[in-house]
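User: Got a model I'd like to talk through. Can you help me read it?

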Amino acid sequence: MAELSVQIGSLRLKNPVLVASGTFGYGKESAELVNLNALGGIITKSISLQPRAGNPPPRIVELPAGMLNSIGLQNVGVEAFVKEKLPFLNSLDTAVIVNIAGSSAEEFRAVVQRLENEEGIDAYELNFSCPNVKEGGLEFSQDARVTARVTALVRAATKRPLIVKLTPNVTKISEVAKAAKESNADAVSLINTLVGLAVDIHSRRARINTITGGYSGPAIKPVALAKVYEVAQNVDIPIIGIGGIMNGEDALEFIITGACAVQVGSANFIDPAAGEKIVGEIAQYCEKHRISSIKELVGSLRGEV
Amino acid sequence: MAARTTAFNKGTLDCPVLSVKNLVGQIYLMRMHCPAIAQQVLPGQFINIKVNNEFIPFLRKPFSVCRREAQKGWIEVVWKIVGKGTQIMANDHAGESIHVLGPLGKGYRIDSGLRHALLVAGGLGVAPLPFLCEELLKHRKPVEIFLGAKSRCELSFVEEFQEMGVQVSVATEDGSVGKKGLVTELLTERLAQHPALKNGTFFGCGPAGLLNRMTQISEELKMECQIAIETMMGCGFGICVGCPVRVRNPQAGENPYKLTCVDGPVFDAREVLLDG
């Protein structure tokens, strides 16, 4: 049996498969459907300082090999999260990573400060990249300087591992990753959704309330892999790969390209056990290829084609 | 690794298809062997179906359980061909299997004090009503059915209800069967003729226009009204938060949206506000 555990700064994952924020609720929703303890970790739905109502419908539209969403960060807010959601997550034998959203740098810091004294949080992931809620029309991680500044502000408020989630909607994602590293983030996760649009030609209306939304699903996997490759080649920081992972093979593509762990997103909607199955498929692959530790695979992409 | 394995074969249920039948026009009925669901499901609950192992269509789609036979272990769903997924299901055959997740959602409530059940559907909104009707009859509740459709080829289950021994009134917009007009007109006429029915409860399913009119009638007459609504859904079990329905009078601090998949699909008509 290959060693599947992964170390990211002080964050230890028993295997490299996480479920992505916004695609797994607060964990409990799937408790009756799957073995949550099989996962390397659960990344919660984004938590903001105050509860957020979310966007009006329609919030999702199905597309070939993917979907467009504009949920609008609907969440219970940090207080209710601590009281109502965190105790269940703590009862699990898997890493708990709290994803944090904010519309200002100060909000990010305030949420982290509120969570600092709560036990059972293994890391924070900063959502600098939601395409559907933004300040001044820009996602934070579209700007390297903003990324550096907000990361540094949060860094000063916590010793817990800090993961910065990056948007692909930029010219050079590696420069934003570099900014996160320079502000002492422990890892970057990429990619969040691609900004997309779908049109109903009969009504001549956009098929989602905010006109554009976030495109996810297997259709975006090649884009995600290219972004992971760019960061892996240019920045020395642990990468968590995200984007259209549906099975073990997809997850392995990310790991070979340079990700030390992965997040499963939209696949959870179709099969809440997708993450668990992917862990099994990675283990099988390692056995077949006589790989003793998953670390051997990380960034093992060969230069020649 | 073997040929590309998709993520949704295990964990959810792989149910053998027992039969696929064309009921009328583009409307189809599938019976599948699914004992776990057949035994647990409540009227108004739904299952979420993935029609193939491909990425097109990408998501599962919700279907009301139309009828079930707990002992024999089968359930039925009914649908109209509207796109790729429903076309694929219409082409399925006995012996093939289909990926099912369920039962999901909250169904209709059958209160012990219920006097008369007035079941009202528009078009394919009929889907959850045969199962509901059977359960109401088991509870020895008097049931009447009101079915509306655009035309004859959008109308299904009339004979099945008649065979259950309940009164069925039909309205079609083109007048090809039953009364020409809207089903809610039949309903108001019937209530005017038989005021005793005003002690009853409405159970509705169908387009927002129909459900809004039923809600309005129920409020005027101070009747109970439960409605099953349909929205686009991503997952069907509360994790994607993609199926909001507006809460009618949200309390201060309460989220102004409920989720169709876990808070519904059946709601008390006074709880929610439908567009349309």
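User: How much of chain B is made up of buried residues?
Analyst: Quick heads-up: this is a predicted model, where local features need pLDDT of at least 70, side-chain atom pairs count only at pLDDT 80 or more, and totals for chains, interfaces and linings use all residues. Residues are numbered from 1 along each chain as its sequence is written, while chains are lettered from A and ligands numbered from 1 in the order in which they are written. A residue is called buried if 20 or more other C-beta atoms, placed from the backbone, lie within 10 Å of its own. Of the 276 residues in chain B, the buried share is 47%.

User: In what order do the seven strands of the open sheet in chain B run?
Analyst: Strands here are DSSP runs of E, at least two residues, numbered from the N terminus, and two of them pair if DSSP finds at least two bridges between them. In this sheet the pairing is antiparallel. The edge strands, pairing on one side only, are β4 (61-64) and β5 (67-69) of chain B. Reading across, you get β4-β3-β7-β1-β2-β6-β5.

User: How many residues does chain B give to the contact with chain A?
Analyst: Contact means that the C-beta atoms of two residues, placed from the backbone, lie within 7 Å. Chain A puts in 39 residues. From chain B, the number is 30 residues.

Note on methods: Helices (H or I, at least four residues) and strands (E, at least two) are DSSP runs, numbered from the N terminus. A residue is buried if 20 or more other C-beta atoms lie within 10 Å of its own, exposed if 12 or fewer, and partly exposed in between; C-beta atoms are placed from the backbone.
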